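User: Please go through this model with me. I want to know what stands behind each label.

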Amino acid sequence: MPLHLCTPVLHSRVLSELTGLDIWLKMDAYQPTGSFKIRGIGALCEKAVNSGAQAFVSSSGGNAGYAAAYAAHGLGKSITVIVPETTPESMRRLIERQGAELIVHGEAWDEADQEARRLCQQTGAVYVPPFNHPDLWEGHASLIAECQQQMPKPDAVALSVGGGGLLCGVVQGMHAAGWQQVPVLALETAGAASYAAALKAGTCVALAKIDTIAKTLGAKKVCQQALDWSKQHPIRSLVVDDREALKACYDFADQHRVLVEPACGAALSVVHKPEALAGLSSLLIVVCGGAGVSLGLLEAWKSKLHGSV
Ligand SMILES: *Cc1c(COP(=O)(O)O)cnc(C)c1O
């Protein structure tokens, strides 16, 4: 049995009225770990166990690490999650509560990741990557396979991009579903616009720094496959600012009574981009969710942005 849930697709009356389009929401915020990540990570871990894996290591202090801890627990295997000092206490507790061994190592993610890879070499444990792996993309593709059964074919699909794993899975799923003509709107915040940068340069360039409240989008460089898809699928990159992403979180909580991370708010903010919606009569938004959010965090981000959301 897969580790993820088949999530509902909602037709949003309020967002449809606002935009004049039929807006469909794929509610992956309802996954047991709060984000779509369990789809790909669950699939990758399950496949690894079928090939004999006994233990896992992850270096993500975000939704990927949490999903990996959940997947290992569900599969009855051990996992070590190595996170940098910057990982918030709330996420450390979530990961530990899944029975994972949590190790804090290094000031930034790169150091934690090096330690994770070293540990895998030393112990033979399987490394769980956050976004760059074909098994992950195959797992994420299930999101579209479900939508195909749940709703009519949309005129476009909007999603957010961090390292590009979600994008790769969704586009792969769209090709399997016969949606290969349907354009994708790929949203990022300005302080983490690594996909926009890659499309502009024509190669996967690394950003000098990440500066956004949408922490989960903070991959300095997207995976090569995300760039390759742009040559085989209509993909449009859109960059929003932190304020727009945060406002979308507040609006979504008010309208749909669900808290999501600013990483997800970036995708939801597409409803305020008339130039991106021109000519469309329906749109599917991937509500990717995120466990790194609370009422307190929303307020903290709001005051960081000087209270004007
Ligand atoms: C991981 C994540 C993303 C970005 O996904 P990528 O596969 O890295 O592009 C967006 N939103 C949330 C909530 C996430 O956890």
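**Labels and their cut-offs**

Analyst: Arg 257 lies in the loop between helix 11 and helix 12 (262-268). Helices here are DSSP runs of H or I with at least four residues, strands are runs of E with at least two, and both are numbered from the N terminus. The model is predicted, so local features need pLDDT of at least 70 and side-chain atom pairs pLDDT 80 or more, while totals for chains, interfaces and linings use all residues. Residues are numbered from 1 along each chain as its sequence is written, and side-chain values use heavy atoms, with hydrogens and water left out.

User: Why is Arg 257 called exposed?

Analyst: Its relative accessibility is 69%. Exposed means over 50% relative accessible area, buried under 20%, and partly exposed in between, with a 1.4 Å probe and protein chains only. At 69%, Arg 257 therefore counts as exposed.

User: How do you know that the length of helix 2 agrees with its residue count?

Analyst: Helix 2 covers residues 37-50, which is 14 residues. The expected span is 1.5 Å times one less than the number of residues. That gives 20 Å, and the end C-alpha atoms are 20 Å apart, so the two agree.

User: Which residues of helix 2 are buried, and what covers them?

Analyst: The buried residues are Lys 37, Ile 38, Arg 39, Gly 40, Ile 41, Gly 42, Leu 44, Cys 45 and Ala 48. Their cover includes strand 2 (22-27), strand 3 (55-58), helix 3 (63-75), strand 6 (126-127), helix 6 (134-140) and helix 7 (142-150).

User: What surrounds the buried residues of helix 7?

Analyst: Those residues are Ser 142, Leu 143, Ile 144, Glu 146 and Cys 147. They pack against strand 1, strand 2, helix 2, helix 6, helix 8 (165-176) and strand 10 (282-287).

User: How many salt bridges does the structure hold?

Analyst: There are 11. Arg 93 and Glu 96 form one of them, with N and O 3.0 Å apart. They are three residues apart in helix 4 (residues 89-97), which means about one helical turn. Arg 93, at 34%, is partly exposed, and so is Glu 96, at 33%.

Lys 247 and Asp 251 form another, at 2.9 Å from N to O. Four residues separate their positions in helix 11 (residues 242-256), again about one helical turn. Lys 247 is partly exposed at 35%, whereas Asp 251 is buried at 18%. Elsewhere, salt bridges with shared partners join Lys 26, Asp 28, Arg 39 and Glu 146 into one network.

User: Why is the crossing of helix 11 and helix 14 called left-handed?

Analyst: A crossing is left-handed if the near helix is turned anticlockwise from the far one by less than a right angle, and right-handed if clockwise. Helix 11 passes helix 14 in the left-handed sense. The contact (heavy atoms within 4.5 Å) is made by Leu 246, Cys 249 and Tyr 250 of helix 11 and Leu 298, Glu 299, Trp 301 and Lys 302 of helix 14. By class, the contact has five nonpolar, no polar and two charged residues. Nonpolar here means Ala, Val, Leu, Ile, Met, Phe, Trp, Tyr, Cys and Pro; charged means Asp, Glu, Lys and Arg; the others, Gly among them, are polar.

User: What does Lys 153 touch?

Analyst: Lys 153 lies in the loop between helix 7 and strand 7 (157-160). Not counting residues up to four places away in sequence, it touches Gly 178, Trp 179, Val 182 and Ser 282.

How values were computed. Salt bridge = Lys/Arg side-chain N within 4 Å of Asp/Glu carboxyl O.
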